[in-house]
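This report walks through one model, region by region. Sequence and structure come first, then the details.

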Amino acid sequence: MPRLNRATLGALPPAARPRVDPAELRTRVVHFGIGAFHRAHQAVYTENAAARSGEPWGIAAVAPRTASTADALRAQDCLYTLTERSPGGGIPRVVGALTGAHVLGRDAADVDALLADPDVTVVTLTITEKGYLATGPDTVIGCLATGLTARMRSGAAPVSVVSCDNMAGNGAVLRTAVHDAVRATGGADTERVLELLDRHVTFPATVVDRIVPATTAADLADTATALGVHDALPVSGEPYRQWVLEDRFAAPRPPWEADGALVVPDVAPYQLTKLRLLNGSHSALAPLGIAAGLGTVAEAMAEDWGERLVRALCAEVAPTLPDGGPDPGRYADDLVARFRNPAMHHRLRQIASDASLKITERWLPALRLLRERGAPAPVLELALAGWVHLTRGPGIPDPARDALTACWRDAAGDEAVVRALLTTVGACDLADDSALVTAVVRHLPALRAGLVDV
Ligand code: CS2
């Protein structure tokens with residue numbers, strides 16, 4: 001079977017071809033993180049914006065660690081297939097927004113040149129929560145600090161650096177990480193570089209949303225059957241997608257609003273709603289569903305407790321949300337429909353990964369607010385119990401994996417383990433909340449029996 005590349009595009013059905021001619025794009029965006037989410041979200045918005053505006057916005061993607069994805073993309077002229085999957089079936093289309101694929105470290109000279117290029121006016125990132133904690137020279141934050149420093153020293157061409165990760169205040173988090181990394185270099189002109197960064201580089205906050213399961217062998221086979229070409233990197237996503245961006249850009253950007261993106265003065269209401277309701281529900285469904293022996297979000301939603309859990313969590317957390325965001329009740333209705341999509345084989349273990357970082361963003365701020373107000377939080381208590389139960393077993397990737405395992409090895413009894421686990425994720429205040437710890441412990445016996453009682 002022929003490989004997907006520019007030469008085989010002509011043989012595809014017109015509706016499956018890119019919305020733009022990849023040969024006419026110019027590299028004006030650099031993106032760090034070539035995962036499935038970026039390829040099903042920002043790259044699609046950017047291609048559609050380029051098609052609608054006639055502006056040749058192209059993305060050079062940089063893989064933070066492994067070369068496999070970048071090299072596989074290069075082997076097919078940076079083309080790949082996105083299949084939108086709804087209960088009625090899948091619609092494949094080839095996305096042509098990527099103009100290059102590189103690897104941090106191995107392609108350092110190329111990446112440095114891209115960050116210095118005044119034609120590049122936007123940098124976007126999907127490096128997950130843990131990517132902001134790693135700041136050495138061979139990390140994304142380190143590379144950004146070095147590249148932006150060089151850019152400021154050689155003319156200070158303005159650029160917007162846009163976090164597209166699931167964190168509250170992601171723009172400010174990224175700005176702090178980059179500025180701290182620049183300061184840590186300790187160059188003689190550091191203060192001047194920081195001053196230039198403040199004047200010529202902005203870090204807008206954003207909210208990104210689309211359910212994009214990890215690519216499966218079925219995706220590879222379905223794409224080959226549908227298009228008659230071999231695509232080594234197909235991605236699939238739900239039909240729904242949303243991008244909300246803070247209107248704080250230092251330089252030209254793709255007209256993403258032409259493709260339905262929202263550009264607003266304050267993304268916080270949207271950001272906290274998505275983090276606490278969608279991602280909070282996901283992170284609750286994952287450990288509870290795994291305890292019940294389930295594999296996907298749709299399977300958990302098919303249980304009698306699935307929808308109850310999502311709606312109850314949304315109702316419990318809604319009072320912690322700021323004004324100005326979507327209506328929590330309607331948001332919950334939409335979540336139930338999205339999570340029930342049987343065409344989305346969204347694995348619970350994928351969502352359960354990195355939970356020590358995710359719950360810190362998705363549950364704990366709301367839980368603290370509710371406890372400060374003396375408001376009940378039974379769903380978050382159950383969710384925490386699900387997380388506690390899951391940390392006992394192996395096999396879920398987490399940067400705190402070893403420390404979490406040590407809690408079970410070293411603490412005596414469930415109460416002590418719960419307190420140790422909460423302390424491990426930095427929630428010492430909650431570890432000292434005896435009523436909370438007792439409530440969490442109370443759920444553990446049922447979970448050990450594979451029973452979820454919402
Ligand atoms: C999920 C997110 O894996 C996870 O943690 O909750 O990737 C979720 O699918 C996206 O944020 C949806 O926009």
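## F32 and its strand

F32 is found in strand β1. Strands here are DSSP runs of E with at least two residues, helices are runs of H or I with at least four, and both are numbered from the N terminus. This is a predicted model, in which local features need pLDDT of at least 70, side-chain atom pairs count only at pLDDT 80 or more, and totals for chains, interfaces and linings use all residues. Residues are numbered from 1 along each chain as its sequence is written, and side-chain values use heavy atoms, with hydrogens and water left out.

F32 has a relative accessible area of 0%, so it is buried. Buried means under 20% relative accessible area, exposed over 50%, and partly exposed in between, with a 1.4 Å probe and protein chains only. Not counting residues up to four places away in sequence, F32 touches V62, L104, V111, L115, V123, T124, L125, T126, I127, V140, C143 and L144. Contact means heavy atoms within 4.5 Å. I127 lies 95 residues from F32 along the chain, yet their C-alpha atoms are separated by 6.8 Å.

## Strand β6 and its partners

Four bridges join β1 (residues 26-32) to β6, and the two run parallel. Strands pair if DSSP finds at least two bridges between them. V29 has V122 in β6 as its bridge partner. Strand β7 (residues 159-163) is also joined to β6 by four bridges, again running parallel. Here L125 stands opposite S163 in β7.

Strand β6 (residues 122-125) is covered on both faces. V122 and T124 are buried on one side, V123 and L125 on the other.

## A three-stranded sheet

An open sheet of three strands has the order β4-β3-β10, with mixed pairing. Its edge strands, each pairing on one side only, are β4 (89-95) and β10 (235-237). On average, neighbouring strands are turned by 25° against each other, direction ignored. Axes are lines fitted to C-alpha atoms, for helices over the stretch in contact, and angles run from 0 to 180 degrees between N-to-C directions.

Strand β3 (residues 80-86) runs antiparallel to β4, joined to it by seven bridges. S86 stands opposite G89 in β4. Helix α9 (residues 217-227) packs on this sheet and touches β3, β4 and β10. The direction of α9 makes about 100° with that of β3.

## Buried loop and helix positions

N341 sits in the loop between α13 (328-340) and α14 (348-352). The relative accessible area of N341 is 7%, so it is buried. Beyond its neighbours within four places in sequence, N341 is in contact with R85, S86, P87, E238, P239 and A298. T190 belongs to helix α8 (residues 190-200). At 7% relative accessibility, T190 is buried too. Leaving aside neighbours within four places in sequence, its contacts are V182, R183 and T185.

Most residues other than glycine have a negative phi. C78, not a glycine, has a positive phi of about 60°. C78 is in the loop between α4 (68-75) and β3, and counts as buried at 6% relative accessibility. D354 has a positive phi near 55°. D354 lies in the loop between α14 and α15 (355-362), and is buried at 7% relative accessibility.

## Nonpolar cores and a helix pair

A nonpolar core is a set of buried Ala, Val, Leu, Ile, Met, Phe, Trp, Tyr and Cys residues joined through side-chain atoms within 4.5 Å. The largest has 67 residues. Those with the most contacts inside it are L285, F339, W363, L380, L384 and W387. Leaving aside neighbours within four places in sequence, L384 is in contact with I359, W363, L364, L367, L422, L436 and V440. Apart from this core lies another, of 38 residues, among them L82, C164, V212 and L233.

The axes of α17 (residues 378-391) and α19 (residues 414-424) come within 11 Å and cross at roughly 95°. The two helices are therefore roughly perpendicular, a label for angles of 65 to 115 degrees; under 35 counts as roughly parallel, over 145 as roughly antiparallel, and the rest as oblique. L384, W387, V388 and T391 in α17 meet V418, L421 and L422 in α19. By class, this contact has six nonpolar residues, one polar and no charged. Ala, Val, Leu, Ile, Met, Phe, Trp, Tyr, Cys and Pro count as nonpolar, Asp, Glu, Lys and Arg as charged, and the others, Gly among them, as polar.
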